[in-house]
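Dear colleague,

I am passing on the structure we spoke about, and below it you will find my notes on what turned up when I went through it. Please read them with the coordinates open.

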Amino acid sequence: MQAGTTRAKRQPAWHILASEFSEATLNEKGSGEYDPSFVITKLGAKVNRVVVAGLLERLEVRETSNGSSLYQGQMRDPSGVHYFSVGDYASESMRELTLELVKKIEAGEPVLLLMVAKSKWYQTDEGAIYTSLRPEEACEIDAQQYALWLTRTCEDTLQRMKHFTDSLSAEPTREGMVAAEIPEHMIDGLLVARNHYGDIEIENYTLNIMQALDIAEGRMEAASQPVAAPAPSTDADGESGDAAAGGENEVKDTIVSIIEQLDQGDGVDFETVLTNTVARGFDRTLAEEKLDELSNEGTLHEPRFGWFRIVA
Amino acid sequence: MSEKYETHVKSILAECPDADPEAVSAAFAKYETEFFIPPQDAMRSILRRFKGETTPTPSSGSSGSSGASGGSSAPKPTRKVSRLSELKGDDREIEIEVEIISHNIRNQTIRGEEKQIAFGLLEDNPWEENGEKTRWEFKDWGPNSNITPGSVVRIEGASVNEYQGKMSLNINQSTRIAVIREGTRPIVAPGEPQDISTLPSDGYVCIVGRILATRPDQIHRKDGSGSIEVIRGRLADETGTIGFLSWEPLAHEVGTLLKIEGAQVRTFRDTPELNFGRTTKVEVYHDKNFADVEALSEQTMVTLSELRDGAKDVDAIVQITEWAKRTFTKDGEERFLWSGQIADPTGRCRMSAWNELPITEDQLPLTVRLKGVRVRAWQGIPDITVDDADQVEILDAPPWDSELDLKNHTVEVALHELSTGASRVGISTSALVVSVREDSGFILRCTECRRVLREGVCADHGPNDGNSDVRLRLAIDNGLSSVSVLTNKEATLSLLGMTESELQGAIDDVGQVAFVQSLRGKMLGRKMNASGRSIVDEQGAMLLADGASMIEEDAGLRATEIRAQWRVS
């Protein structure tokens, strides 16, 4: 006896690593006003709400054009970064917590955060889709709780990877999925994910999980990786002042990572790069300048005018 | 400087030449040991700290969304509409949600090749109950196997066909069909019987079933203009049983196998019922292999966990743990009602009887077999009603372990089962806390009805002073289902390890918002166990908890288990 009324139920929360969530480029929204909106990941998770955790890496206020304050932040887990925002729409408790966290970040205090958040997605005019989070509730956690979150997230991700792998040999229909013993809550997501993402590589998730489990077991040595040689100095472009170098390098890093993610072989066009850099809280003029620099210093090349690729 | 972080420290120093290498190294050590953040992940945070505040210039007036990361997609330019009337004759790649009204398959020869195609009628605006709806014909060239009559589907990537001013929808092999609601109103070919377990919650159906029970009844017209003679009873096949109500005379006896065409399913409370009317065709059916009454009757035996509001002709074996006579006055006349608590190994509920049962208090607990009783729910909790003493048979011993203390028995129920099953008493479940609501703590309840006052006002009884109470309002979740939890005063205080006055002091000290935030620090993302009773309805499941505790877990142990279980090395 099914009915359409199940739509009003609270959506469950998925434990998910930053890598799986941020790589998602597919979304779904029913036509009704109150229909939930979903981000669908490569592994077929149809996500409306998440439980995520990590190191709070950035949290700053941005004044929006209508005079309200929007706090934008990023949170790092072993697999990557979540982007989130807290606006006037957030609950009083979430806004108060955000103010406290801003102070801690400004003071350089390390903050481990756990948040229950709604998945959001945003589509650029060019059709690129970005995921981000809107926290509903959050709290600071200690390393033990972080470790527990890591284990839960690893387990759930492993489970999804198994369903994903099982689904590959199934007929791409609901009946086929049922026959392959794919559980009900994964079927819709896996069907559309396969259609949208095509053949994907899931080995990187295994690596993320191995690292996360090392951390959860307290085997920090195994989880640690040396860094590459120090980033090239920005002096090359003749800028002497170092005042904003960190910020500027961050812009560069961001631009490179955007191109890395969006490049489907033909490069990424100027406007897409800029829109997305701005969407992450950077100044457009600065971004334009840095895009130029990256081009000049040979990090990027332009296979055709206005399209950028990373020099292999 | 510790060698361990040498490369990381160098990276930082390259950007911040004035930083103290020892301090940088110490920062890496702190992130790693205290926060479990490996050095490569701590880089940015530490760099930021030693640089001082060099944040990127905030952009102004940009209308971009919040920060995001992602990849690209090559979206099809789909045109999403909610009504068929929005479509034009040359629209391609459209997306719409419709209900499939009819669906037929025919063989057609296309370019010398025999091919199956499907056609039928679909209707827009599927969600609005009595809304204006438009019907179009469709052709499905796939044909897609998941298009079934009665289902609501989202069609993505169909095209419009206009022929002599008549519009229809073409569904191609590349069109995606997402079933949003399985067919609840299948339009089954007449004379094609369905299994009782697969009957829809409303609509006309055909079934073959054996009569398990039948009795005459009267329905009194509300306006007092008399009463209607009806027959009530129960039919069964091998998949299940269903109650029926016949508005026409039905002379068949218990045990008769019938084929019934054009019966209407109506759902009262949570229980579907068949209605036979003037247009219903009832005939005796012959099938030697059809199960007999005895075998079919076993299906009416239920456990307390399976009780649904509105169910009739229910059989069950239960233990009566409390039983008392109650007196009340109706129309100036003193009347009696017997009621008490019953239990079986799946849970507990109440039972009421309108006649005296041969039970005295000193016999309790007492195991009985109930036959043909009915179920009503009060505040979502099922209550068995016994109308006649002969519906109750006293048994010598329970069919389960007689040592089981059912009075205090709590059944551990998985969260998903709890959220999708019936309302139950005496259950407990474990899941992660995903929400601690801002109104957790002290509340005022209406002095009349115990409802929570909103700004000193009860929705039913207006402004009043209210009585103070303590509760937590939570949501727990296992990634599959979400259940809201309300802990009562006792459970709240024991969970927080506080007395009521300590709790009051804690809230007075920091304020309500900070208090709730402190609860989140203790509970959010952590596992808890809650026990009590559940109420399940269309909005989901709610657990009214009289017991609650947090569950400690060891991350290292779990990580090792996961490695073993999933062979991640």
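The pLDDT is the predictor's confidence in each residue, on a scale from 0 to 100, and it comes first here since this is a predicted model. In chain B, that confidence is lowest in strand E1 (residues 69-71) of chain B, with a mean of 38, and highest in strand E28 (residues 482-487) of chain B, where the mean is 96. Over residues 53-76 of chain B the pLDDT is below 50, although the model gives this stretch 83 contacts beyond near neighbours in sequence. Residues 185-189 of chain B also stay under 50, and for them the model has 14 contacts beyond four places in sequence. Where pLDDT is low, the predicted coordinates should not be read in detail. For chain B as a whole, the mean pLDDT is 84, and 92% of its residues reach 70 or more. For the complex, the predictor gives an ipTM of 0.76 and a pTM of 0.65.

On the interface, 108 residues of chain A are in contact with 91 residues of chain B. On the chain A side, helix H3 (residues 143-168) of chain A supplies the largest share, 12 residues, and the residues of that side divide into 50 nonpolar, 34 polar and 24 charged.

Turning to the strands of chain A, strand E5 (residues 49-63) of chain A and strand E8 (residues 112-123) of chain A run antiparallel and are joined by seven bridges, with A:Gly54 standing opposite A:Leu113 of E8(A). E8(A) also pairs in the antiparallel sense with strand E9 (residues 129-140) of chain A, over 11 bridges, and there A:Leu113 stands opposite A:Glu140 of E9(A). The hairpin of E8(A) and E9(A) has five residues between its strands, and in it A:Gly127 takes a positive phi near 95°.

A further sheet in chain A is open and has three strands in the order E10-E12-E11, paired antiparallel. Its edge strands, each pairing on one side only, are strand E10 (268-269) and strand E11 (300-304) of chain A. Three bridges hold the antiparallel pairing of E11(A) with strand E12 (residues 307-310) of chain A, and A:Leu300 stands opposite A:Ile310 in E12(A).

Is A:Ser22 buried or exposed? A:Ser22 counts as buried because it has 26 C-beta neighbours inside 10 Å, where the cut-off for a buried residue is 20 or more. A:Ser22 and A:Ile129 are 107 residues apart in sequence, yet their C-alpha atoms are 10.0 Å apart in space.

In chain B, strand E12 (residues 240-246) of chain B and strand E14 (residues 271-276) of chain B pair in the parallel sense over four bridges, with B:Ser246 opposite B:Phe276 of E14(B). Strand E13 (residues 257-268) of chain B, by contrast, runs antiparallel to E14(B) and is joined to it by five bridges, and the bridge partner of B:Thr267 in E14(B) is B:Pro272. Two residues lie between the strands in the hairpin of E13(B) and E14(B), where B:Arg269 takes a positive phi near 50°.

Helix H6 (residues 489-496) of chain B has B:Ala491, B:Thr492, B:Leu495 and B:Leu496 buried. Seen down the axis of H6(B), these buried residues fall within an arc of 120°, so they line one face of the helix. Their cover includes strand E27 (467-477), E28, helix H7 (500-510) and strand E30 (540-551) of chain B. After H6(B) comes B:Gly497, whose phi is positive, near 65°.

Finally, the nonpolar cores. The largest has 128 residues, and the members that touch the most others are A:Val50, A:Val52, A:Leu113, A:Leu114, B:Val433, B:Ile476 and B:Val485. Beyond its neighbours within four places in sequence, B:Val433 is in contact with residues including B:Leu474, B:Ile476, B:Met523 and B:Met528. A second, separate core of 26 residues includes B:Ala316, B:Val318, B:Val373 and B:Ile381.

With best regards

Conventions
Residues are numbered from 1 along each chain as its sequence is written. Chains are lettered from A and ligands numbered from 1 in the order in which they are written. This is a predicted model: local features need pLDDT of at least 70, side-chain atom pairs count only at pLDDT 80 or more; totals for chains, interfaces and linings use all residues. Two residues are in contact if their C-beta atoms, placed from the backbone, lie within 7 Å. Two strands pair if DSSP finds at least two bridges between them. Ala, Val, Leu, Ile, Met, Phe, Trp, Tyr, Cys and Pro count as nonpolar, Asp, Glu, Lys and Arg as charged, and the others, Gly among them, as polar. A residue is buried if 20 or more other C-beta atoms lie within 10 Å of its own, exposed if 12 or fewer, and partly exposed in between; C-beta atoms are placed from the backbone. The arc is that of the directions from the helix axis to the C-beta atoms. A nonpolar core is a set of buried Ala, Val, Leu, Ile, Met, Phe, Trp, Tyr and Cys residues joined through C-beta atoms within 7 Å.
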